[in-house]
Amino acid sequence: VTMIGISDIGKVVVLVVALSAGEAAANSSQDKSRAVAYAELDLSSPAGAEKLYERLQRAAAEVCGFYQSSTLITASIKTDKQACYVDALSRAVAQIDAPLLREQHEG
């Protein structure tokens, strides 16, 4: 667990996912948000933007359930998870609003 100081409050984005009723029931014990800290990254550099984008991708995948083990994954569940991932990642990038991060996302 990383402690966040007062000066770092503006350097954290939280990925939150809105779930459908069925998905919420199926995953009721799973946390559907992740905080991603980036205070130490320089988002005006390509390397910093790339590092943050990797963190956001990983957090979106976690929040949307890509790392859950399941013996039966239907096309519908896969589609829902992909839509969740795209939405969570897009909203996080928009919230941070850094040009090089947007380029990573759009590119």
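This is a predicted model: local features need pLDDT of at least 70, side-chain atom pairs count only at pLDDT 80 or more; totals for chains, interfaces and linings use all residues.

User: Okay, which residues in helix 2 meet which ones in helix 3?

Analyst: From helix 2 you have Leu52, Tyr53, Leu56, Gln57, Ala60 and Ala61. They meet Tyr85, Ala88, Leu89, Ala92, Val93 and Ile96 of helix 3.

User: How do I describe the way helix 2 and helix 3 pack?

Analyst: In general, you give the angle between the two axes and the distance between those axes. Here, helix 2 and helix 3 pack at about 140 degrees, and their axes are 9 Å apart. An angle over 145 degrees would count as roughly antiparallel, so this pair is called oblique instead. The crossing of helix 2 and helix 3 is right-handed.

User: What about the nonpolar core? Which residues touch the most other members?

Analyst: The general idea is that nonpolar side chains tend to be buried together in soluble globular proteins. In this model the largest nonpolar core has 21 residues, and those touching the most other members are Val13, Tyr38, Leu43, Leu52, Leu56, Ile96 and Leu101. Helix 2 (46-63) and helix 3 (75-96) are the elements that each give two or more residues to this core. Helix 3 provides the largest share, with 7 residues.

User: Which residues does leucine 52 touch, leaving out those up to four places away in sequence?

Analyst: With those left out, leucine 52 touches Val36, Tyr38, Leu41, Leu43, Ile96 and Leu101.

User: And tyrosine 85, is that buried or exposed?

Analyst: The cut-off for buried is under 20% relative accessible area. Tyrosine 85 has 17% relative accessibility, so it counts as buried. You'll find tyrosine 85 in helix 3. Leaving out residues up to four places away in sequence, tyrosine 85 touches Gln57, Ala60, Ala61, Cys64 and Phe66. The C-alpha atoms of tyrosine 85 and leucine 56 are 10.0 Å apart, although 29 residues separate the two along the chain.

User: How many disulfides does the structure hold?

Analyst: To spot one, look for a pair of cysteine sulfur atoms within 2.5 Å. This structure holds 1 disulfide, formed by cysteine 64 and cysteine 84 with their sulfur atoms 2.0 Å apart. Cysteine 64 sits in the loop between helix 2 and helix 3, while cysteine 84 is in helix 3, so the pair ties together parts 20 residues apart in sequence. Both cysteine 64 and cysteine 84 are buried.

User: Why is the disulfide of cysteine 64 and cysteine 84 left-handed?

Analyst: Because the torsion about the S-S bond is about -80 degrees.

Key:
Residues are numbered from 1 along each chain as its sequence is written. Side-chain values use heavy atoms; hydrogens and water are left out. A nonpolar core is a set of buried Ala, Val, Leu, Ile, Met, Phe, Trp, Tyr and Cys residues joined through side-chain atoms within 4.5 Å. Buried means under 20% relative accessible area, exposed over 50%, partly exposed in between (1.4 Å probe, protein chains only). Helices (H or I, at least four residues) and strands (E, at least two) are DSSP runs, numbered from the N terminus. Contact means heavy atoms within 4.5 Å. Axes are lines fitted to C-alpha atoms, for helices over the stretch in contact, and angles run from 0 to 180 degrees between N-to-C directions. Angles under 35 degrees count as roughly parallel, over 145 as roughly antiparallel, 65 to 115 as roughly perpendicular and the rest as oblique. A crossing is left-handed if the near helix is turned anticlockwise from the far one by less than a right angle, and right-handed if clockwise.
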